[in-house]
Every structure is written in structure tokens, then in C-alpha cells.
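Here is a set of questions and answers on how the terms used for a structure follow from its values. Please look at the sequence and the model first.

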Amino acid sequence: MAKQIHSMIRVLDEARSVEFYDTAFGLKVADRLDFPDFTLIYLSNRESDFELELTVNKGTTTPYDLGNGYGHLAVSVDDLEAEHARFEAAGLAPRKLVEFAPGGEVVARFFFVADPDGYQIEVLARGGRYK
């Protein structure tokens, strides 16, 4: 059986991205591998073994084209309203809180936030299938 260990995104500014992911999700630098053409920064927190790998391609100065294939990363939190308020207070510009109830029954409660490079992150209330 395969075990998921990380997901990678390309970012322009290491410091800006590390600060965002620390402020938003408490992700800290677990490892940093520097190579001549690129740097890999692995972020994690105590909630999960899963890591987010930030790749900084040296010499890249224009924003990445996220295209129409990227969807989003997702995290779960115990208190969605408190996290939304914390994001607002931190100036992270979270989108509105949503109750997703396509058939009349609430399936999920969430909000989205964009990181400095435009990657979308869904913040879900922990519960049900969203543990």
C-alpha cells in the first residue's frame, strides 16, 4: 500500500511563502535542500506526517501559470469560524465561509484562501470524512 508523503508546488519567493504557510497553517520548515538551480523546502506540523514541498527555481522572476488543471490543497481544522477570524486578523484575505449542502444536507463547511502565488487552499471544518 502506498503512503502519501508530500505534495509539491512551485513558488517565486521562499521567504514570503514560508511566512504565509507558517502564519496560516503553522507549517514550519522541516528540511531545506539547496541545489545550484533550485531549492526544495519541506514544510510540516505536528498534526500530520504529510509535508508540503515548496520548490523555488532560481532565476525565475515571473509568476507561474497555474493553468486550469490545478484545483486546491485542503486542510481540516477544529474551529472553522475561529480560524476564519484569525486569517482575517492576520491579513490573509480568506474568502467567505460556505456551507456546502447540494442535496439539502450539509456535506461540508469551509472557506478558501490563496497563498502568495495564487494556489488555492480549502480550509474545512474537521468532522465526517474530513478528519
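Q: Where does threonine 55 lie?
A: Threonine 55 lies in strand 4, residues 48-57. Helices (H or I, at least four residues) and strands (E, at least two) are DSSP runs, numbered from the N terminus. The model is predicted, so local features need pLDDT of at least 70 and side-chain atom pairs count only at pLDDT 80 or more, while totals for chains, interfaces and linings use all residues. Residues are numbered from 1 along each chain as its sequence is written, and side-chain values use heavy atoms, with hydrogens and water left out.

Q: Why is threonine 55 called buried?
A: Buried means under 20% relative accessible area, exposed over 50%, and partly exposed in between (1.4 Å probe, protein chains only). Threonine 55 has a relative accessible area of 6%, so the residue counts as buried.

Q: What makes the pair of threonine 55 and glutamate 53 a polar contact?
A: A polar contact is a pair of N or O atoms within 3.5 Å; within protein, one must be able to donate a hydrogen and the other to accept it, and residues adjacent in sequence count only if both atoms are side-chain atoms. The side chains of threonine 55 and glutamate 53 are paired at 3.2 Å, so the pair meets the cut-off.

Q: Which residues does threonine 55 touch, not counting residues up to four places away in sequence?
A: Threonine 55 touches Met8, Ile9, Arg10, Val11, Thr39 and Leu40 on that count. Contact means heavy atoms within 4.5 Å.

Q: What makes a set of residues the largest nonpolar core here?
A: A nonpolar core is a set of buried Ala, Val, Leu, Ile, Met, Phe, Trp, Tyr and Cys residues joined through side-chain atoms within 4.5 Å. The largest such set has 24 residues, and Phe20, Tyr21, Phe25, Leu43, Leu54 and Phe87 have the most contacts inside it. Elements that give two or more residues to this core include helix 1 (14-25), strand 3 (38-45), strand 5 (73-77) and helix 2 (80-89). Helix 1 supplies the largest share, 5 residues. In soluble globular proteins, nonpolar side chains tend to be buried together.

Q: Why is serine 17 called buried?
A: Serine 17 is found in helix 1. Its relative accessibility is 0%, so serine 17 counts as buried. Leaving aside neighbours within four places in sequence, serine 17 is in contact with Val11, Leu54, Pro116 and Asp117.

Q: How do you know that the buried residues of helix 2 are on the same side?
A: The buried residues of helix 2 are Leu80, Glu83, His84 and Phe87. They cover an arc of only 100 degrees around the axis, which puts them on the same side of helix 2. The arc is that of the directions from the helix axis to the C-beta atoms. An α-helix has 3.6 residues a turn, so residues three or four places apart point the same way. Helix 1, strand 5, strand 7 and strand 8 are among what covers these buried residues of helix 2.

Q: What is found at the start of helix 2, and what follows helix 2?
A: At the start, a side-chain oxygen of aspartate 79 reaches to within 3.4 Å of the backbone nitrogen of glutamate 81. Glycine 91 follows helix 2, and its phi is positive, near 75 degrees.

Q: Why is alanine 93 called exposed?
A: Alanine 93 has a relative accessibility of 59%, so this residue counts as exposed. Alanine 93 is found in the loop between helix 2 and strand 6 (98-100). Although not a glycine, alanine 93 has a positive phi of about 55 degrees.

Q: Why is valine 123 called buried?
A: Valine 123 is found in strand 8. With a relative accessible area of 0%, valine 123 is therefore buried. Valine 123 and histidine 84 are 39 residues apart in sequence and 8.7 Å apart in space, C-alpha to C-alpha. Not counting residues up to four places away in sequence, valine 123 touches residues including Phe25, Val75, Leu80 and Phe87.

Q: How many helices and strands does the chain have?
A: The chain has 2 helices and 8 strands. Read along the sequence, they follow the pattern β-α-β-β-β-β-α-β-β-β. Buried residues make up 32% of the 131 residues.
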